[in-house]
There are 2 protein chains.
Amino acid sequence: MPKQVDHQSRRRQIAEAVCQLADESGLEGVTLRDVAARAEVSMGAVQRCFATKEEMLVFALGHIGERIAARVTARLVESPAQSARTALGHATTEVSLLQEEHRAEARVWLAFVAQAAVSPSLAEILRSNYAGLQTVFARLIAEAADTPDPDRAARTLLALADGLTTHVLIGHLSPAMALDVLDGHLNRLWDERAS
Amino acid sequence: MPKQVDHQSRRRQIAEAVCQLADESGLEGVTLRDVAARAEVSMGAVQRCFATKEEMLVFALGHIGERIAARVTARLVESPAQSARTALGHATTEVSLLQEEHRAEARVWLAFVAQAAVSPSLAEILRSNYAGLQTVFARLIAEAADTPDPDRAARTLLALADGLTTHVLIGHLSPAMALDVLDGHLNRLWDERAS
DNA sequence: GTCGAAGCGATGCAAGTGCATCGGAACGTC
DNA sequence: GACGTTCCGATGCACTTGCATCGCTTCGAC
C-alpha cells in the first residue's frame, strides 16, 4: 500500500473552502483553482477527491446542511429542561441563521438553494434536509402546543424562518426585526393553544 | 438624425431574454452571447444598450420586479368589491408565485435574490421592491383585521410567502401544500381579530 | 534494498467569458 | 443626392474555466 491520505477529512477541508468562497462571492465565485488555493491543496488533490465540480458542490452542500442540522439539535439537547415553547424558539432562531456569526452560512445556504432550483442533484439534498428539519419541528410543536395540525404549523414555521433569513440577507429586515417577527409568530401559536 | 431605435423597448426585450435564460439555468447561464441570441439581436446591440453586464442584470431585475408588483396590484383592483380578507389572500398568493405559469418568474427571482446577497446594487433594487410590497400588505392588513401591529403582520406574511415560494421551487412543498399553509396563516390572522 | 501502486502537483488544452474595436449600413438633414 | 451622425454586427483579445495528462514522490509489501 502506498501513501495514504484521509480522504474524508480532506473532503471536508475542501468543502469548507467551497463554503468560504461561496460566502464571499456566491457560487459563481467557486472555481476549482480558487477552491484549491483556499483549501491550501493543489488542484490535483481537489480533482482526486471529487471527480467533477458538481460532485464537489453536492458534497459541500451536504456538509453545511449537516452542520446546520447539528446546531439545531445541539441547541435542543443543551436546554432540555425548559419549556417546549422555549425550545421551539431556540430551534427556530438557530435554523434562521440570524446571528451575525452565522450570516456566512446563511449566504452559502441561499446560494445553494438558488442553484438547486435548476440542479436536481442539489435539490435532492435540500429536500432531505428540509424533511428532517420539518420532522423535528413538527414534534416540538406537538409537544409545545396541542395545535390541530402540527405538520402544517411546522411547514409554516420553516418557511417563515427561511423567508426571514433571506430578507435579513438582502437587508430588507434587520436581525432584530426578524427576531421580533419570529417571536410574534410563536406567541400566537402559543396563545392559540391556551385559548 | 440617423437610424433611430426604441432603446427602452429593446432593453425590455433583452431583459426578457435574461429572465428566460436565468429561468433555464440560473444566473450563471446568463452570458452576453446567449442573451443576444435569445433576444434575437447581435451582441453589439446588447453592448450598446447596457455598458456592462452588471447594468444589464440590474435592469432585468427591476423589470421582473415591476412585473410582479404590477400583478399584485392588478389582482387587487380587479376584485375590489370583495372583503379585505379575500383581497389579502389573493395578493399573497400572487406574490408567492405559486401558480405553475409563474414558476419561471419565481426561479428568476430566487436567482437574483441569491446574487443580491453578494451584490449591493442588486440588493438595493430588491430592498425597494420589498419595501413597496410591505407597504401595500400593511395597508391591506390594517383594513382586513385590526391587528395591533399591522407592520409586523405584513413582514411576517411577506417572509412566509417568500419562504413558501422557495420551498415549492426546490420541491419540498407542493403548490397545494403551500396554499394550504398560506390559508391557515391568514385564517389565524383573521380569527385573531374576531376574538 | 527493490518494486510498484497510490497519490501528488504542475502544466496543457479546448471552450467559453466579458469587453473593445472597427468597417460599414441606415437614415434624417441640407 | 451627398453628407454626417447614429447604430449595427462581426471579429479580436486577454483571460478564466473545468477537466485531462504526465512525470515524480511517497510508502508499504516482499
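These are my notebook entries on a predicted model with chains A and B.

**Entry 1: the two copies.** A turn of 180 degrees and a shift of 0.0 Å along the axis does it, with an RMSD of 0.0 Å. The two copies are thus related as by a two-fold rotation axis. Next I looked up where they touch: 100% of the interface residues of chain A are also interface residues in chain B, so the copies meet through the same surface.

**Entry 2: the annotated stretch.** I checked the UniProt record for chain A. An unreviewed entry there lists residues 31-50 as "DNA-binding region". In the model, that span of chain A is 75% helix and 0% strand, and its end C-alpha atoms lie 13 Å apart.

Entry 3: Which residues of helix H2 (residues 32-39) of chain B are buried? I found Val35(B), Ala36(B) and Ala39(B). They cover an arc of only 100 degrees around the axis, so they sit on the same side of H2(B). On the face of H2(B) turned away from the buried side, I noted the exposed residues Arg33(B) and Ala37(B). What lies over the buried residues? The cover includes three helices of chain B, namely H1 (7-25), H3 (43-49) and H4 (53-78). After H2(B) comes Glu40(B), and its phi is positive, near 60 degrees.

**Entry 4: the cores.** I then went looking for nonpolar cores. The largest has 121 residues, and those with the most contacts inside it are Ile14(A), Val30(A), Ile14(B) and Val30(B). I picked Ile14(B) to follow up. Leaving aside residues up to four places away in sequence, Ile14(B) touches Val35(B), Ala39(B), Val46(B), Cys49(B), Phe50(B) and Met56(B).

**Entry 5: H8(B).** My last stop was helix H8 (residues 150-169) of chain B. Its 20 residues reach 28 Å from the first C-alpha to the last, close to the 28 Å expected at 1.5 Å a residue. Is H8(B) mostly covered or mostly open? Mostly covered: 17 of its 20 residues are buried. H8(B) is followed by Gly171(B), where I read a positive phi, near 85 degrees.

Conventions: Residues numbered from 1 in each chain as written. Chains lettered and ligands numbered in written order. Predicted model: local features only at pLDDT ≥ 70, side-chain atom pairs only at ≥ 80, totals over all residues. Heavy atoms only, no water. UniProt positions renumbered as here; feature names shortened; annotations may be inferred. Helix = DSSP H or I, 4+ residues; strand = E, 2+ residues; numbered from the N terminus. Expected span 1.5 Å × (residues − 1). Buried < 20%, exposed > 50% of the residue type's maximum accessible area, 1.4 Å probe, protein only. Core = buried A, V, L, I, M, F, W, Y, C linked by side-chain atoms within 4.5 Å. Contact = heavy atoms within 4.5 Å. Least-squares fit on C-alpha atoms with pLDDT ≥ 70 in both. Arc of directions from axis to C-beta.
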